[in-house]
There are 2 protein chains.
Amino acid sequence: MASPEIEALTQALARLPGLGPRSARRAVLHLLKKREAALTPLLHALERVNERLTSCSTCGNVDTTDPCAVCADPRRDTRMLCVVEEVADLWALDRSRLFPGRYHVLGGRLSALEGVRPEDLSIDALVSRVAAGGIDEVVLATNATLEGQTTAHYVADRLEALPVRLTQLAHGVPVGGELDYLDEGTLAQALRARRPVA
Amino acid sequence: MASPEIEALTQALARLPGLGPRSARRAVLHLLKKREAALTPLLHALERVNERLTSCSTCGNVDTTDPCAVCADPRRDTRMLCVVEEVADLWALDRSRLFPGRYHVLGGRLSALEGVRPEDLSIDALVSRVAAGGIDEVVLATNATLEGQTTAHYVADRLEALPVRLTQLAHGVPVGGELDYLDEGTLAQALRARRPVA
Ligand SMILES: [Zn+2]
Ligand SMILES: [Zn+2]
C-alpha cells in the first residue's frame with residue numbers, strides 16, 4: 001500500500017512497453033531510493049523532452065528539434081532517401097547506422113481493412129520532396145507484410161515518373177535463421193532471389 | 001540518431017531495473033508518440049512524487065507522506081509489527097495485503113564484510129518503538145540469508161527483555177532467497193506458518 005501519487009507513478013510506468021506491474025513497482029522503488037541518481041535525471045529528461053517535443057516537418061521523425069537530428073546531420077548522404085512506415089522503423093534502421101542517407105516516414109501503411117487511404121499517409125509530401133530534386137535513390141523499406149508491400153507498390157507508382165532509382169530491401173533468410181523455422185513465403189522469396197555462390 | 005534530450009531520456013530509463021537500452025528506446029518511442037496518453041501522465045506523476053517524496057519517521061518506508069500510507073492506515077492492526085531489511089521487502093510483503101500490521105524497516109542487514117554495524121541500522125528506533133508499548137508481536141522478516149538471519153538474532157536479543165512475542169517467517173522462504181523476488185504464494189505460506197523465535 002502506497003500513496004496515490006506513488007500508485008499513479010507505478011501505473012504510468014507499467015503502461016510502457018516492456019514493463020509490467022511487477023517491474024514497474026521495482027522501477028518506482030529504485031526511483032524513490034535513488035532520488036539524486038535516478039529520479040531527478042529522469043524527471044529532468046522528461047521535462048526537457050516534453051517542452052521541446054516536435055515532429056520533423058521534413059521527414060516525419062519525432063524529435064526535440066525541427067528539422068530532426070537526422071535531417072540536420074551534415075554527414076548524411078542527401079542523395080539517398082529511405083521510406084519507412086513508422087518512426088519506430090526509422091529508429092530501428094538508424095540505430096546501427098546501416099543507412100547513410102535520410103528518411104521519410106509515411107505514418108502507416110495502406111490498409112483496406114483499417115480504411116487507411118493514400119491521403120492518410122505522407123505520400124504527397126514524399127512525392128514533392130523527391131520532385132524537388134537532389135535525390136538519386138529511394139529505398140522502399142516498408143514492412144514485408146502484404147499491406148507493407150502494397151504500400152511500397154503504390155509509392156513506387158507515384159514516384160515512377162521522377163528521375164530516381166527505386167530499390168527495396170532484399171527478402172530472404174534472416175542471418176542466423178534456420179530454414180526449418182521459416183514460413184513458406186520467406187523461403188519462396190529467398191529461393192527466387194537466389195544468387196551465385198561467390 | 002536522436003537529439004541529446006532524447007538520448008538523455010533513453011539513458012535515464014535504461015538505468016531502471018528491468019529495462020535495458022533496447023526496451024528503453026522502445027519506451028521512449030512510445031512516450032514520444034503517445035504524448036497525451038503516456039508522456040504527460042508519467043511526467044506529472046514523477047513531478048508530484050518528486051515534490052513530496054519523504055521517508056516515514058515511524059517505520060522508514062519511503063512515501064509521499066509522513067507518516068506513510070501504511071502507518072496512517074487506521075485499518076492496520078497496530079499490535080503487530082513486521083521487521084524487514086529494506087523498503088523493497090515492506091513493499092513485497094504489503095503488495096498482497098498478507099500482513100495486517102505495520103512495519104519497521106531496518107535499512108539493511110548486519111554485515112562484517114561490508115562493515116554494517118548495529119548502529120548503522122534502525123535498531124535503536126525499533127527497540128524504542130516496541131518499548132513504548134501497544135505491540136504484542138514482532139515478526140522478524142529479514143532475508144533467509146546468513147546475514148539476514150544474523151540480523152534477526154541480534155534484533156531478537158535486543159527485544160528479548162520486552163513483553164512481546166517474537167516470531168519469524170517459516171521455512172518456505174528458500175535459503176538464500178530474497179523476499180523481493182519471491183512469488184506471493186511462497187510469501188503467504190511463510191507468513192502463515194511463522195513460528196516463535198527459538
Ligand atoms: Zn527529419
Ligand atoms: Zn510508516
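Figure 1. The model shown is predicted. Among the side chains of chain A, 23 are positive and 26 are negative. The centres of these two sets lie 8 Å apart. Of the 198 residues in chain A, 42% are buried.

**Figure 2. Dimensions and fold order of chain A.** Taken along the principal axes, the C-alpha atoms of chain A fill a box of roughly 60 × 45 × 40 Å. The radius of gyration of chain A is 21 Å, whereas a compact globule of 198 residues would have a value near 16 Å. Eight helices and six strands make up the secondary structure of chain A. Along the sequence these elements follow the pattern α-α-α-β-β-α-β-α-β-α-β-α-β-α. Among contacts in chain A with a separation of 6 or more, 45% join residues 24 or more positions apart.

**Figure 3. Residues 56-71 of chain A, a span annotated in UniProt.** An unreviewed UniProt entry lists residues 56-71 of chain A under "zinc finger region: C4-type".

Figure 4. A:C82 belongs to strand 3 of chain A, which covers residues 80-84. A:C82 counts as buried because its relative accessibility is 2%, and buried means under 20%. Leaving aside residues up to four places away in sequence, A:C82 touches A:L93, A:F99, A:R102, A:Y103, A:H104, A:V139 and A:A141. A:A188 is 106 residues from A:C82 in sequence, and the C-alpha atoms of A:C82 and A:A188 are 25 Å apart in space.

**Figure 5. B:A45 and its contacts with chain A.** B:A45 lies in helix 3 of chain B, a helix made of residues 35-52. The relative accessible area of B:A45 is 2%, so this residue is buried. With residues up to four places away in sequence not counted, B:A45 touches A:A8 and A:L9. Within chain B, B:A45 and B:A190 are separated by 145 residues in sequence. From C-alpha to C-alpha, B:A45 and B:A190 are 34 Å apart in space.

Key
Residues are numbered from 1 along each chain as its sequence is written. Chains are lettered from A and ligands numbered from 1 in the order in which they are written. This is a predicted model: local features need pLDDT of at least 70, side-chain atom pairs count only at pLDDT 80 or more; totals for chains, interfaces and linings use all residues. Side-chain values use heavy atoms; hydrogens and water are left out. Helices (H or I, at least four residues) and strands (E, at least two) are DSSP runs, numbered from the N terminus. The radius of gyration is taken over C-alpha atoms; the globule rule is 2.2 Å times the number of residues to the power 0.38. Buried means under 20% relative accessible area, exposed over 50%, partly exposed in between (1.4 Å probe, protein chains only). Contact means heavy atoms within 4.5 Å. Lys and Arg count as positive and Asp and Glu as negative; His and the chain ends are not counted. The place of a charge is taken as NZ of Lys, CZ of Arg, CG of Asp or CD of Glu. UniProt positions are given in the numbering used here, feature names are shortened, and annotations may be inferred rather than shown by experiment.
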